[in-house]
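Here are my notes from going through the model you sent.

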Amino acid sequence: MTTIMTDGLTADAVARIRQDFPVLDQLVNGRPLVYLDNAATTQKPRAVIDAISNYYLHNNSNVHRGVHTLSQRATDDFEAGREAIRRFINAPDAGEVIYVRGATEGLNLVANSYGRKYFKAGDEVIITGMEHHSNIVPWQILGQEIGIRLRVIPFNDDGELLMDEYERMLNDRTRLVSVVHQSNALGTVNPIETIAELAHARGVPVMVDAAQSIPHMPVDVQALGADFLTFSGHKMYGPTGIGILWGRADLLNDMPPYQSGGEMIRSVTFEETTYNVLPHKFEAGTPDIAGAIGLGAAVEYLEAIGMARISAYERALMRYGAERLSGIEGVRLIGTAAERGGILSFYMESAHAHDIGTILDAEGIAVRTGHHCAQPVMARYEVPATVRASLSFYNTTDEIDALIKGIDRVIEVFG
Ligand code: C6P
């Protein structure tokens with residue numbers, strides 16, 4: 001079956017885009033690679049690879065430390081990356097854009113700096129039932145150490161949050177709401193604007209885990225009403241080891257440093273240290289300079305395609321895939337929210353997810369199998385694991401068709 005995708009991007013545009021990703025052009029186990037593991041990490045366009053090589057080939061130097069030409073070039077490119085991110089998420093000020101290792105570090109930074117300063121025993125942090133472990137465990141650790149309580153917004157069988165329950169949960173003890181924008185296990189896109197409105201009505205700030213939304217849809221921190229927002233570079237076509245924590249300047253200014261050392265200080269004596277201004281206060285030590293430059297290139301690449309077009313295309317591809325998968329007997333789609341992005345998570349009674357993944361790999365198809373670092377989601381659906389095909393704008397309906405053929409092969413083997 002061949003369907004021409006016209007939503008967002010034409011087939012010709014996608015064919016051209018694919019040429020930007022050298023890694024896609026290879027055989028895996030004798031078959032053309034079908035890369036459907038984009039929620040784990042996305043592939044890198046040549047523009048990102050070139051920006052990183054260019055830094056090491058021509059400008060390698062430390063940032064903010066040297067008067068020499070190479071250091072100034074490296075600093076300019078490093079700060080240009082920050083400005084690109086500011087523009088991309090519509091942050092009011094580049095000083096609010098902090099380089100971290102990824103979403104995991106962004107969440108840990110807020111838990112350890114904001115949480116340790118403001119939370120006390122009996123306080124409550126609200127999360128959702130569909131969080132990645134990195135938005136569960138840091139709060140649990142604070143629970144053990146400080147005595148805060150974690151409240152969890154449940155969701156229905158489609159994977160949609162029960163907003164009435166959320167409203168009931170908000171109370172005088174709520175200190176923070178920390179929620180995932182798009183679930184990595186279900187694809188659900190949560191109504192952050194409404195969640196933030198309700199929290200703000202009680203003076204409660206909202207942290208958004210945008211790891212899975214930022215590569216796939218326009219994300220505007222001001223329109224969302226976020227107070228903190230974090231994401232990883234490697235899921236948005238940038239390098240690994242770099243990510244962003246954005247936070248409102250007034251909140252960040254009042255927070256203590258998360259790590260300490262070089263760069264984050266203004267002056268040091270043995271008696272006393274004063275801290276640097278934002279964003280440097282939260283960037284102790286030599287940063288991932290090449291990573292930041294690569295991330296800036298990734299942002300420019302995404303902007304050139306356009307996030308609204310990317311979102312429209314990927315959602316159309318997801319709907320096509322969901323329709324085809326739900327037509328197969330024995331396949332149960334996990335995550336069927338009305339508002340969802342390019343995640344196709346499914347379960348088959350007849351075969352373990354890892355065995356399905358192995359059979360698909362033999363066909364050159366890369367998917368993720370397991371609990372996706374979201375074990376409470378697996379528990380909610382009473383499944384041990386799912387197979388997850390996660391989509392990018394470089395994927396095609398032909399690749400969805402290859403996945404469906406691969407599942408036919410699984411059925412041949414396991415029934
Ligand atoms: N999810 C996945 O395959 P890091 O590892 O810091 O780059 O991102 C953590 C993270 C946080 N929040 C969400 C919603 C995520 O999906 C992830 C990473 C990957 O689903 C790897 S477990």
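Which residues are buried in helix H12 (residues 353-362)? I come to that in point 2, after some housekeeping.

1. Ground rules. This is a predicted model, in which local features need pLDDT of at least 70 and side-chain atom pairs count only at pLDDT 80 or more, while totals for chains, interfaces and linings use all residues. Residues are numbered from 1 along each chain as its sequence is written, and side-chain values use heavy atoms, with hydrogens and water left out. Helices (H or I, at least four residues) and strands (E, at least two) are DSSP runs, numbered from the N terminus.

2. Helix H12. Back to the opening question: Ala353, Ile356, Gly357, Ile359 and Leu360 are the buried ones. Buried here is under 20% relative accessible area, exposed is over 50%, and partly exposed is in between (1.4 Å probe, protein chains only). Seen down the axis of H12, these residues fall within an arc of 165 degrees, so they line one face of the helix; the arc is that of the directions from the helix axis to the C-beta atoms. They pack against strand E14 (343-348), strand E15 (365-366), strand E16 (368-370), strand E17 (386-390) and helix H14 (397-414). Contact, throughout this note, means heavy atoms within 4.5 Å. After H12 comes Gly364, with a positive phi near 85 degrees.

3. Strand E14. Six of the six residues in E14 are buried. Two strands pair if DSSP finds at least two bridges between them. On that basis, E14 pairs with strand E13 (residues 331-333) in the antiparallel sense over three bridges, where Arg332 stands opposite Tyr347. E14 is also antiparallel to E17, over four bridges, and there Phe346 faces Val387.

4. Strand E8 and its partners. From strand E8 (residues 206-209), Val206 and Val208 point one way and Met207 and Asp209 the other, and all are buried. Strand E7 (residues 174-180) runs parallel to E8 with four bridges, including a position where Val177 is opposite Val206. Strand E9 (residues 228-232) is also parallel to E8, joined by three bridges, and Thr230 in E9 is the bridge partner of Asp209.

5. The crossover. E7, helix H7 (residues 192-200) and E8 form a right-handed β-α-β unit. Right-handed is meant in this sense: with the strands pointing away from the viewer, the path from the first strand over the helix to the second runs clockwise. Which residues of H7 are buried? Ile192, Ile195, Ala196 and Ala199 are. They cover an arc of only 95 degrees around the axis, which puts them on the same side of H7. Their cover includes helix H6 (163-169), E7, E8 and helix H8 (221-224).

6. Val110. This residue belongs to helix H4 (residues 103-118). Val110 counts as buried because its relative accessibility is 1%. Leaving aside neighbours within four places in sequence, Val110 touches Gly115, Trp139, Leu176, Met207, Phe228 and Leu245. Met207 is one of the buried residues of E8 from point 4.

7. Gly243. You'll find Gly243 in strand E10 (residues 243-247), and it counts as buried at 0% relative accessibility. Beyond four places in sequence, the contacts of Gly243 include Ile98, Tyr99, Val100, Phe231 and Ser232.

8. His280. The loop between strand E12 (273-275) and helix H10 (289-305) holds His280. At 16% relative accessibility, His280 counts as buried. Neighbours within four places in sequence aside, His280 is in contact with His64, Glu79, Arg82, Glu263 and Met264.

9. Domains. The assignment gives domain 1 (11-38 + 307-414) and domain 2 (49-304); such bounds come from an automatic or database domain assignment. The contact takes 35 residues from domain 1 and 29 residues from domain 2. About 2600 Å² is buried between the two, 54% of it from carbon and sulfur atoms. Buried area is the accessible area (1.4 Å probe) that two parts lose on being put together, summed over both. The domain centres, taken over C-alpha atoms, are 28 Å apart.
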